[in-house]
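Have the coordinates open while you go through them.

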Amino acid sequence: MEKILSVKNLTKKFKRVVVNNISFDVEKGNVYGLLGPNGSGKSTTFGMLLSTINPTSGDWYWFGKRGTDSDTLKRIGAIIEQPNFYPYLSAETNLKIVAEIKGTPHSRIDEVLTTVGLISRKKDTFKSYSLGMKQRLSIASSLLNSPEVLILDEPTNGLDPEGIIQIREIISAIAKQGITIIIASHLLDEIEKICSHVIVLKEGNAIYSGPVDEISQNNGFFELKSDNNNALLSALDELNWFTSIKADNDIIKAQIRDDASISASALNQRLAEKGIFLSHLAKKKQSLETQFLDLVKNTK
């Protein structure tokens, strides 16, 4: 696929190293998450990629072109800090001002307000908006120039659950338009729901870059239950397909070996041959949170 962004050995040092020699690629049409706790270098990375922070070393290429010039910025929409909208002006008027600055026709305003679900409130003043509505207006503002890439720094920060769901749905709708999206977040659950790819930062180091569902090569685990869990435990142990088998109340969890390839139906059949019939069987993957914690723990 076409590369929208390629980052090569990017480093930024203030009094300490904040971003340390990171490299990753962003391919067109995907939603990427820049994941890490506060202080891991996410905002600094965005600042360098948008040329608001000078790097100590390293390079990056937008659309195959080195660095970030004014022409490149016209192809990018970004929310890094809360935009300074005028509180006593309407959402529509605020966006007209942004459109003038960006050289974008006013005809785009109703379209972007519809995208973020604010078209019915376009005449209302900015100060009357809730925090979630203000964030949605910010996203509308970033879409005015019809960007090919949208960069969002902690877009759900401070929002209530309803606001988080609204932002998630808006991001999904924008992605369906073919816009490449890069989101910085420390919220594992949101990254898992929104993103197809993830770059994991730990203390300024990129310790993983790739598809969300490949962050761990772990094959997952089975949840099982039968009328005789003691016999089930013994049978699972004899199969030699699992790295760990343990009971959690009346549910048995069996972690699949990395070199084993076994379906739920095949396991069910083998157990039935041993006279064990299951009342519950489910094959699951570890949550992104579990995989992330394992990855961080195992990375020096």
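What share of the contacts in the protein with a separation of 6 or more comes from residues 24 or more positions apart? The points below start there.

1. The share is 67% for residues 24 or more positions apart, where a contact means heavy atoms within 4.5 Å. Before you read on: this is a predicted model, with local features needing pLDDT of at least 70, side-chain atom pairs counted only at pLDDT 80 or more, and totals for chains, interfaces and linings using all residues. Numbering runs from 1 along each chain as its sequence is written, and side-chain values use heavy atoms, with hydrogens and water left out.

2. For the overall layout, I get 10 helices and 14 strands (DSSP runs numbered from the N terminus: H or I of at least four residues for helices, E of at least two for strands). Along the principal axes, the C-alpha atoms fill a box of roughly 75 × 45 × 35 Å.

3. On burial, 47% of the 300 residues are buried (under 20% relative accessible area, with exposed being over 50% and partly exposed in between; 1.4 Å probe, protein chains only). The protein exposes about 15100 Å², and carbon and sulfur atoms supply 47% of that area (Shrake-Rupley method, 1.4 Å probe).

4. There is one cavity of 30 Å³ or more, and the space in the largest cavity comes to about 50 Å³. Here a cavity is a set of points on a 1 Å grid over the protein atoms alone where a 1.4 Å probe fits but cannot get out, and lining residues have an atom within 4 Å of a point. Points are joined across faces, edges and corners, and the volume is the space filled by probe spheres set on them.

5. Who lines the largest cavity? Pro155, Thr156, Ile183, Ser185, Glu190, Ile191, Ile194 and Cys195 do. Both β8 (180-185) and α7 (188-194) supply at least two lining residues each, and α7 has the largest share, with three.

6. Two backbone angles deserve a look. Most residues other than glycine have a negative phi. Ser146, however, has a positive phi near 50 degrees; Ser146 sits in the loop between α5 (131-143) and β7 (149-153) and is partly exposed at 45% relative accessible area.

7. The other one is Asn240, not a glycine either, with a positive phi of about 60 degrees. Asn240 lies in the loop between α8 (229-239) and β12 (242-248), and is exposed, with a relative accessible area of 54%.

Note on methods:
1 Å grid on protein atoms, 1.4 Å probe; cavity = no way out; pocket = protein on both sides within 12 Å on 5 of 7 lines; lining within 4 Å.
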